[in-house]
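Dear colleague,

Please read the notes with the model open beside them.

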Amino acid sequence: MKLSRIRIEQFRQFRQALEIRDLDAGINLFTGANEAGKSTIVAALRAAFFERHRSGSVDDFRPWGDSSASPSVELDFTLGHQDYRLTKSFLGKKRCELQAGSQHLDGADAEDHLADLLGFRYAGRGASAAEHWGIPGLLWIPQGGAQEVREAVAHATDHLRSALNESLGEVASSGGDEVMATVEAARNELLTPATGAVRGIYAVAIRHEAALASELDALTTAIASYRQKVDRLSSLRREHAIDEDEKPWLHFRKEHQAAIDKLAAIQRIEETQAAEKQRATQIDGQIKLLREQLASFAARKQEAETRATALEKARQEQSSNAALVVQCLEKRVEASVRYEAVREILRLARQEDTRRSLARELDEIRQKAASAAIALAKAEAEQTTLLERQRLAAAAEIRPADLESLRQQHRQIRELHIHRAAAATRLRFTLDDERRMVIGDESLSGSGERLLLAATEITLPGFGKLEIAPGGSDLTQLGRQESELSDRQAALLQRLGLTSLDDAEARQQIYSERLGEVKTATATLKALAPKGGDALRSELASQQARGGDVEAKLRQLPPAVDGSSSAAALPSVGEAEAAEEGAGKSLTQISEQLHQAQLAAANAQTNCESAARELAAARALLDAPDRAAREATASRDLVDALAERSTLTARIAALQQQVGEARPDILKQDVERFGKSAEQHEKRFGERRDTLLRLEVELQAAGAQGLEERSAKLARDLAQAQRRGEELRRRASALDHLLQLLRDKRRALTRKLQAPLQKHLNRYLQLLFAQASLEIDENLSPGPLTRVGAKGSESGAFEALSFGAREQMGVISRLAYADLLQEAGRPTLIILDDALVHSDDERLAQMKRVLFDAATRHQILLFTCHPANWRDLGVGARSLETLRAAC
Amino acid sequence: MLRLLHTADWQIGKLFGQFEPDQAALLADARYKAVERLATLASEQALDLVLVAGDVFDAQGVADRTIHRLFNALAAFSGRWVMLPGNHDAALSESVWTRAARLHAIPGKVTLCLTPEPLLLEELGVAILPAPLTQRNTFSDLSEWFASAETPPEMLRIGLAHGSVQGILAEAIDSANPIAAGRAEQAGLDYLALGDWHGTRQVDARTWYSGTPESDRFRANQSGQALLVELAGRQALPAVTPLNIGRHCWRSDALTLQVPSDVEQALQHIAKFSTDDVVQLSLSGQTDLAGHRRLRNAIGQAEGRVHSLLADLSALRLEPTADDIDALQADGYLGEVVDELRTQQEGSNAEVARDALTLLAGILDERRRDAGRAANAEASVGARAGTAADPGAGTRAGGPAGIIAGGAL
């Protein structure tokens, strides 16, 4: 398909008609700035083909603000060897005409014809959309859409397929994919798509089979056990029958009894031997008793003699003790006398001592009483003095405050006086001899000086009177103050009974002196009677009382021993006491000795008496009438007993030998052994009987379960399950196999079918990347790109490529599709609206080679706003601005 | 004249796992029915005695119900029944017999021969010498004692044993429970009634296997019978008449398909299967898709008709013809798949390949019929019928094209 002329009018930007003539069969490059109208041309081309002229959804074709416009497009193109002219206008004048050589088509017919020719469809209603665009949709690359190739391919798949099929010249399969889908669905019911593991009814069947198998196993085991029990029952019954016949325990019972009998015999012999031994023991006791009896007879005789000797000794002791008592008594009397004498002396000595100490005490008391009386008298005198002084002091008392007031007043008066003097009118006079004058009441002569304090009338005899009034007004005030103060002082002095300050001062002196005297007197009194006079008086009274006491005591004492000599002869109390103690001690000692002696004497007496009694008793025994006969009998009995003992010893030895030969221990073991053997047999018999019963019961119970029939049923079910499992397995593997085969064959076929497309694709790809290959997937879309890089061959999905590379691949694959379509005789026109703007210079250069190559087979309309990029494309660029200007 | 019925190998309680449950249940049931028929027969014929030579029960561990049901099945004949334990129901210490006794299931008219000692039936003038199995399997001849057994001279001597007569069955040489050949003569027996062999078989003039009265396996020939034995007196040869008792005919048929016409023969063969047949059918050889389909259809129909049918087509190879493939419209890579599968049938994975091919053929056939219906519908509308249908389809597919044409008319 070759466009030769485009005319657009009242279409968006182009209110005025735009006509592009003489389009080249190869590349046509249109340049223009943004908004220059490049995209509007593309839109007009699309509108001319894709939109029904009657479409109501193409309002946007109108230029802005021109509601009455009829957007129209007119195209001249060649298809095959046929020239066409398409005239289409929308909205205002809805019209479509297609002139194909001499054939003229109108309206929808024209449009349908066009769609068939170019390979697209119309929208059922509304504006045309990508899914309708078919081949043009794939080859007309919109601005910024080069990389989005998949969707465009999908909308053109049928055309591409048919192009491929036509090129291959045969049908791929009229329903292979549906068959494959059916197979796959059937297979996926039984096997998981990913791993081929069993699923669904197949899995259920296998599980069921396994469950049945394990149940059957369990049952088989149960049956085996049942059978084994049956066998055991048989053998036990056999053994039981044999035992019932033979009764082996009876033999052992007999042996057991025999052994018991033998053992009993030996035990009887042992009992005899034991009796003999006991008898021997009795005789031994008897022998011992007899010997003791004989010994006691001998002992009595001996005892009597001993008793006699003892009595003699006791008597001697008794007499010596009696002597000792007498001696002691005598000594005791002496000691008593001596003790009494010493005690009398001690009494006297003590009495004298008391008297002396009382006399001494009385003297002391009397002295103390005397001195107390003196001190009391002095104290009383001092007290009187003190009282007098205190009275005196009180009389002279002047309060310091009063004194101070007086002093103050005095000072103020003097100051006032000075003030007045200073302020007063000084009157100095010198009278002639004999001349006189009277100032006030005073008559003066000679010379002198007076201070006039108040208005003073001076009478100068002879001359009359002068009245002088001192100048200062405060003089009178001062005078008033002074007299006031003088009055107050006079009042104070009067109250104090004084005449002047000097008196006051003197009185103060007197007062302080008298206070000193009072202090002295007080101190003196204190020294005399520190606790006061009453204390002195009570002490005196108490001394006098004590003196009375002591005197009374003295009086009570017996009269002193007459004669100073006897008194002097008396020892001191200490000595007397020592003598008394010594005498006492010796008396006690002697008394003790006496006591001891008396006790010893009494003991000796008792000993003597008991010895006498014992001797009498011993003699009585010795002299008993049957004693000799009893002694003889005992001797005879002893001889008999010794003889019997000897006989017994021999018999016991004989019996011992008999028992030792019979081995009773072994016999006991025999009894046990035979007894146990019999028991064992009986026990085993009983146990077996019980086992048989138990087994019978068990088997009856197990038998009632119908194990084998159940097992057979299970086996039947298992067989059935296995058949089903096997059927499903066969079906699954057949389906799996079939699916695999279908896929393999389909893939092989697809590869074969796509070979032409691949060839075209590779042609362009080699121009861009040497040795690269781009796979084509099932849907004929570009698949993974494999390139040879530094690290060898590497492959990446189309979507994983960079934007620029995808754009390049998009353009390349579209060119390849165009080649394919062209070979199949389909019209191809390639429009690139601002494509490849993301390509770097190097790639862009390669892409230009690609485009140039493609342009040898296809017409290409290339719109760009970057004219500089495309200068080396080998074609002249048409500037849209120029084109518009030309119209 | 003593007239007795000799039977054996009832195998009551046997289940038939190789069949579908409903069929298996009917087969198990049929065994009771056979016993009932034996009883009826004995009653109708006014026989003196029924001898059952072992394997009354299929197993020791059958359900109580099974035991009761078996003895109830004897109801019709009130005469004497003599039963011998076989290898399946040996007289062990604890056995189906002891259980039956415990259940009080055994009627008085039944005599069990649980010990090897003569059973004297005074009123019938018969002494029966039984050789009961008291172990599951024994390798000594339990009928050994027959010769030394003394019986009243006027009484008939009838042996009753269960096992393999030595020397007549090749595979029984080492088998358990042997019975010496010539035992009847050696022991002076008037008749030796044997069990264990499921087909009716005469061993010598006085020795017979009665076989099972109801067949239970495919390989036994002459099964499903009982023997009417008539004994005129001591030393007289027995008159033995086999009687048909069984209902089901078990047949195992193997057909080989070589040429196309073999299919037709096979179809006729299958058509002849009757209601009571229990059939095992194995097909081998090869056939085209149409033949395969017809065979499968025929088998499907037969399955609904006969009692049981086990069909094995695993050895039958599918050889689709070019016409087949055309008919399936297996064009493009589907055709390649079909070819590949055909080839693979020769290889190690033959079964999978055949199954896959069958499946694929089925799917394609289904599609083709759907397409035919769709085309038919379109044709009746009358629009573009000529262009819609593949121009080649009519001639290639043959039959279906006629249908399309018919629809168009």
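The buried residues of α1(B) are covered by, among others, α16 (707–768) of chain A, and from chain B itself by β1 (2–7), β2 (49–52), α2, β13 (225–231) and β14 (239–244). Here a residue is buried if 20 or more other C-beta atoms, placed from the backbone, lie within 10 Å of its own, and helices (H or I, at least four residues) and strands (E, at least two) are DSSP runs numbered from the N terminus.

Please keep in mind that this is a predicted model, in which local features need pLDDT of at least 70 and side-chain atom pairs count only at pLDDT 80 or more, while totals for chains, interfaces and linings use all residues. Residues are numbered from 1 along each chain as its sequence is written, and chains are lettered from A and ligands numbered from 1 in the order in which they are written.

The buried residues of α1(B) include Ala24(B), Leu27(B), Ala28(B), Arg31(B), Arg37(B) and Leu41(B). With 24 residues, α1(B) reaches 34 Å from its first C-alpha to its last, close to the 34 Å expected at 1.5 Å a residue (the expected span being 1.5 Å times one less than the number of residues). Just after α1(B), Ala46(B) has a positive phi of about 55°.

**Where chains A and B meet**

In this model, 36 residues of chain B are in contact with 40 residues of chain A, contact being counted when C-beta atoms, placed from the backbone, lie within 7 Å. On the side of chain B that touches chain A, at least two residues each come from α1 (21–44), α2 (64–72), α3 (96–102), α8 (332–344) and α9 (350–381), and α9(B) gives the most, with eight residues.

**Helix packing in chain A**

The axes of α7 (residues 249–395) and α14 (residues 627–662), both of chain A, come within 8 Å and cross at roughly 160°, where axes are lines fitted to C-alpha atoms, for helices over the stretch in contact, and angles run from 0 to 180 degrees between N-to-C directions. α7(A) and α14(A) are therefore roughly antiparallel to each other, a term used for angles over 145 degrees. The axes of α7(A) and α11 (residues 533–556) of chain A likewise come within 8 Å and cross at roughly 160°, which makes α7(A) roughly antiparallel to α11(A).

With best wishes

How values were computed: Angles under 35 degrees count as roughly parallel, over 145 as roughly antiparallel, 65 to 115 as roughly perpendicular and the rest as oblique. Two residues are in contact if their C-beta atoms, placed from the backbone, lie within 7 Å. A residue is buried if 20 or more other C-beta atoms lie within 10 Å of its own, exposed if 12 or fewer, and partly exposed in between; C-beta atoms are placed from the backbone.
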